[in-house]
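User: Could you walk me through how the labels on this model come about? I'd like the criteria next to the values.

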Amino acid sequence: MSRLALPNGDDHHEAAHKHLLDARVLLAQQRPDGAAYLSGYVVECALKSLYVLEMGQALQGHRFGALVNQVSAVATAAGAKSAKYFGAATTGVLGSAIGSWAPEMRYRAPSLALGDAQTWHNYAWDVFQETVHQMRLDGVL
């Protein structure tokens with residue numbers, strides 16, 4: 001468990017890492033729907049990690065629009081600890097290909113081509129690198 005684990009056991013940055021690795025395995029097995037689905041959760045968990053870092057409490061919901069707006073509100077405040085991790089990939093989620101992700105996609109199969117799933121995974125990787133990975137390097141986690 002990390003320093004940012006919540007009392008209920010939720011550990012968003014660990015979940016982001018787990019989903020990133022699982023998505024990579026699914027891509028290698030040419031399972032685009034599962035890979036894309038988990039890539040979306042990487043982004044969700046990374047955003048929630050920033051919120052927990054800043055606020056010390058959970059951020060509810062799955063919709064990227066609401067999550068990005070709520071994280072932006074706290075990460076752009078003066079003196080925000082999370083500001084340095086709220087970079088171009090993370091702030092640009094809504095305008096990216098993965099911006100159309102929703103948890104309901106688990107009910108639609110097949111829905112994405114392998115190339116699209118790879119694009120989503122690449123984006124999730126970028127978000128993970130500028131958030132969770134950088135927080136690890138900085139000793140925040």
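Analyst: pLDDT is the predictor's confidence in each residue, from 0 to 100, and helices are DSSP runs (H or I, at least four residues), numbered from the N terminus. This is a predicted model, where local features need pLDDT of at least 70, side-chain atom pairs count only at pLDDT 80 or more, and totals for chains, interfaces and linings use all residues. Residues are numbered from 1 along each chain as its sequence is written, and side-chain values use heavy atoms, with hydrogens and water left out.

User: Why is helix 2 called roughly parallel to helix 3?

Analyst: They pack at an angle of about 30°, with axes 10 Å apart. Angles under 35 degrees count as roughly parallel, so helix 2 is roughly parallel to helix 3. Axes here are lines fitted to C-alpha atoms over the stretch in contact, and angles run from 0 to 180 degrees between N-to-C directions.

User: What makes helix 2 roughly parallel to helix 5?

Analyst: The angle is about 20°, with the axes 8 Å apart, and that makes helix 2 roughly parallel to helix 5.

User: Which residue classes make up the contact of helix 2 with helix 5?

Analyst: Contact means heavy atoms within 4.5 Å; among the residues involved are V43 and L50 of helix 2 and W120 and F128 of helix 5. By class there are 15 nonpolar, four polar and no charged residues. Ala, Val, Leu, Ile, Met, Phe, Trp, Tyr, Cys and Pro count as nonpolar, Asp, Glu, Lys and Arg as charged, and the others, Gly among them, as polar.

Notes
Helix = DSSP H or I, 4+ residues; strand = E, 2+ residues; numbered from the N terminus. Parallel < 35°, antiparallel > 145°, perpendicular 65-115°, else oblique.
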